Amino acid sequence: MKALILAAGEGARMGPFTASVPKVMIPVGNRPLLEYVVQALVENGVRDLVLVVGYRRERIQSHFQDGKAFHARISYVTQTKQLGTAHAVWEARPHMEERFLVLNGSNMVDSRFVEDLLASRDKPAVLITQSERPRSYGVVTVRGKALVGITEKPTEVISNLINTGAYALDQRIFDEIERLAKEGKHDLPSAVSALAQRTEVEAIRTEGTWVDALYPWDLLRLNATALKGAHEVRAGTIEPAVTIRGRVSIGDGCVIRSGAYLLGPLALGPGCEIGPNAVLLPSTSLGKNVRIGAHTTVANSILMDDVILGPACVVQDGVVGSGVVAKAGLLAASGSGDVQIEGEWHTVAQLGALIGEDVEIGNGVSVTPGTVINERARVESGARLRGTIPSGAVVL
Amino acid sequence: MCGIVGYAGRRNALPILLDGLKRLEYRGYDSAGVAIVGDSLQVVKDKGFIANLEAQLPAMTGSTGVAHTRWATHGAPSKVNAHPHVDCTGKIALAHNGIIENYAALREKLEARGHKFESQTDTESLVHLIESYYDGDLEEATRKALHDVRGSYAILAVHAGEPGKVVGARNESPLVVGVGPDENFLASDVPALLRYTDRVLYVMDGEMVVITPKGVTIKNIEGKAVRREPQRITWSLEDAEKGGFEHFMLKEIHESPKAIHDTLLGRLANLEVNGFLSEGVTSVKLVACGTSYHAAMIGKYIIEEIARIPASAELASEYRYSQGPSDRPLVILITQSGETADTLGAAREARRRGCKTVGITNILGSSLSREVDVTLYTRAGIEIAVAGTKTFIAQLVVLYLIALKMGQDRATLGYDELDRLKDQLRSLPRAAQYMLNKAEEIRALAKKYGNARDIFYIGRHANFPVALEGALKLKEISYIHAEAYAAGELKHGPLALVTPSTPVIAVAVHDPTYEKMRSNIGEVSAREAPVLAIGTEGDKELPRFVDDVIEIPEIPWIFSPVPVSVALQLFAYEVARMHGCPIDKPRNLAKSVTVE
């Protein structure tokens, strides 16, 4: 059976972290989100995958290539206009056989999740789960095991059962998509709701893992989940007098200098250099080629590829994009913060800084909890930051 | 999941079946086997990769056969459990993908009737069941057997007494027919067939199919014939391997950040450039051909700037036949393939002259590694497009590492400078990615400038060879005449060629020659030539002197050849694409030049 994975969206609510990568390629536990979906499918023997790509599709294609490295065969369909999920499925129509799976590429799922979906056998099906914030999703109404309908982001409480965006479908869905497109509706939940009017659509409650990241700080939760289940590898050079406790993965070519203190779960990608007396605390992921200066502390954070933190920095509960370079003494500690994303304010109990790709930070900069520094901003030495720093800005 | 392949035709079946299996290896690869009907039925199988099986195959002749690659989801992969399975008489062979649910009951019944089982697999029950119904017609026996079977399957069967015939059936596991002239194929998936035919028929659940060299018949399980027209597959095998990119060249340009990462991996923190020879080196000579020669020319500037050692670059085809001076430079030989004939010759010549030699190549175990004292690998991964892109970038990265190592060993660099340079080298993947993010902007500029008959490239210092490489890329793949000049040389002749219809691409990034470059740009724009400049982000002056600017990020100038090269590679690619050129395989050119 083939699976169709939706990976065309930008993910604007991810703030600076989707400036040059699609949401599905944001790393958690040092692997792009999309890898978790691919792996869960492959573990269930679903190896023939079609990725619907659009925004920054080159990033997805150069990572997954033809899929061989992931024990899958991957082909790509480009969605030229990001009209909606139903449109994405429609574009992939020539690739689909009679029955196929549809999954969202930006959710972290496990093998059990896919197994539950496959249990649908021959009926069309949707996987549902319980959620603490149903209003952000499509809420499902069911009669017994049959789907009645999906209501997108309801204003009043209907139920706490939501649509995970994972479906088992057959050719019949294309009739619904075609019909709804004429009414200007291009979302897949509407098409599945319409299908449920004509034939039985099974609503299967999954026992597996399904974690969705809506906002950048959600990534820290996903990262912690991923690190708990991560495979532990130990490579690289570890100098004398380094302390390592817990589940700590150290990639090829890493160098850990004397006096460093590493508490798991941690994942260090290949080619990282950890300076003398640096402290890495749970649950932290360091991407490829990251350098951490002497006496720097990083806790519960994601540092993506090529980040350089100078000596004596503190980064807690933060997300730091690829290529960020901070000189000595960056203070980005955690606290309760108000964050503005896409014009909306959110209060987050425990958050440090959200720093976009290629930001340059001078010496002795301090950052208020919840500050968003957008991509390519340049912050001069001694600055104190709060609020949102626009992309490419120079802060004196 | 497993993969199966069947063939009935005029050719020898074995190579076709093995090739098909390799295309299906993504479906599983813990054991594999083939069965061929020639004078008799021959079966060979083993656990492990398909290459493993291939290595121990005897000569098997016969133009009918089936093959199987297995991914054991239950039970251990082993030789006995590998498919195809054979019946008691040794005449029927069966390859199966799927699960027979009621195999235990079938097995009990068959064993009671005296059938001998060898394996633990569910599949073996089915082959004995077919045997029990066999009465001279494999198709009929298979049909009867399938009536007794519950489960999911795609099967292929052959009988020693019925050469030229493969019987297949499908229920909930994929099976496609490839239709050829005088030969027909069956497989789990289309890629296994694409090398031989682009016409396919999909077999549906509950259907049986029989292929012979002459034809294909599909019937339902009740034996009623089904009519179905073949479909034409419009994608090629190559498309699948290009991972969604239009050409290998574009895919490979997009792999340059990864190539930089991999090339730096484990070498940067302690400058572990293995067994490197900087002891007693007073000068360096870099020798190469083509694109690698341009890397060598840039290497001269890198080594002189960072390590403060005199360096020079020479073409391998010239170096070989020149008179050796009396000094003994360290000779660095660069070839992507490691097989370039002139570069190998130059390596031998360097050794004859008593020089120490270092090779830079992308291919492990290539001939170059046997001709030099030390080999440093660019870990760019395989490059398929004839025009080198990511491997050129990776060659530059190795040259930066060599320069840093020499600077460290000779203490021409302080540890503070070393750390700063190392951090800058760590940032190079970002600089390359920054240019890739501008792909659309560069595409628009290619449309604007790419219709010229001649295009000139100018640059100075380390970016002069970058201009040469930019021009070479454009020539190679777009067939547009392109020449590069050291900008200071314009007045000595080339300026005579500059007119309003010859665009000039000028590399004018912030480096020690920036002011000079601006005057040179003035010289060409005075002749009304349109100018596309590669400049540095935030340069407010440059746009006033030129028509368009592609900006590179602000990085120390010695590293600027990396982002500038990525920009020029993308430009050449987009121009060639606009003209519809065969980008990955330009006329008259080969990937590696193994003749002199």
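**Exercise 1. The interface**

How many residues of chain A are in contact with chain B, and how many of chain B with chain A?

Solution. The model is predicted. Contacts between the two chains involve 34 residues of chain A and 26 residues of chain B. The most comes from α2(A), with five residues. Finally, sort that side of chain A by class: eight residues are nonpolar, 13 are polar and 13 are charged.

**Exercise 2. Overall form of chain B**

Describe the extent and packing of chain B, using its radius of gyration, the spans along its principal axes and its buried residues.

Solution. Start with the radius of gyration: chain B has 31 Å, whereas a compact globule of 596 residues would have a value near 25 Å. Then take the spans of the C-alpha trace, which are about 95 × 50 × 40 Å along the principal axes. Burial comes next, with 55% of the 596 residues of chain B counted as buried. For the contacts in chain B with a separation of 6 or more, 70% join residues 24 or more positions apart. The secondary structure consists of 19 helices and 25 strands.

**Exercise 3. A sheet in chain B**

Work out the strand order of the eight-stranded open sheet in chain B, and explain why β3 (41–47) and β15 (231–232) stand at its edges.

Solution. Write the order first: β3-β2-β4-β1-β10-β9-β11-β15, with antiparallel pairing. At the ends of this order, β3 and β15 of chain B each have a single partner strand, so one side of each is left without a neighbour in the sheet. As a general point, strands of a sheet pair through backbone hydrogen bonds, in parallel or antiparallel fashion. Now examine one pair: β1 (residues 3–8) and β4 (residues 64–70) of chain B are antiparallel and share six bridges. Within this pair, B:Gly6 has B:Val66 of β4(B) as its bridge partner. Last, place the helix: α1 (residues 13–23) of chain B lies across β1, β2 (31–37), β4 and β10 (183–187), at about 25° to β4(B).

**Exercise 4. One loop residue**

Locate B:Lys491 and decide whether B:Lys491 is buried or exposed.

Solution. B:Lys491 sits in the loop of chain B between β22 (481–486) and β23 (504–507). Count its C-beta neighbours inside 10 Å: there are 11. The cut-off for exposed is 12 or fewer, so B:Lys491 counts as exposed with its 11 neighbours. For a distance across the sequence, take B:Asn520: B:Lys491 is 29 residues from B:Asn520 in sequence, and their C-alpha atoms are 9.0 Å apart.

Conventions: Residues numbered from 1 in each chain as written. Chains lettered and ligands numbered in written order. Predicted model: local features only at pLDDT ≥ 70, side-chain atom pairs only at ≥ 80, totals over all residues. Helix = DSSP H or I, 4+ residues; strand = E, 2+ residues; numbered from the N terminus. Rg over C-alpha atoms; globule rule 2.2 N^0.38 Å. Buried ≥ 20, exposed ≤ 12 C-beta atoms within 10 Å, placed from the backbone. Contact = placed C-beta atoms within 7 Å. Nonpolar A, V, L, I, M, F, W, Y, C, P; charged D, E, K, R; others polar. Pairing = 2+ DSSP bridges. Axes fitted to C-alpha atoms, helices over the stretch in contact; angles between N-to-C directions.
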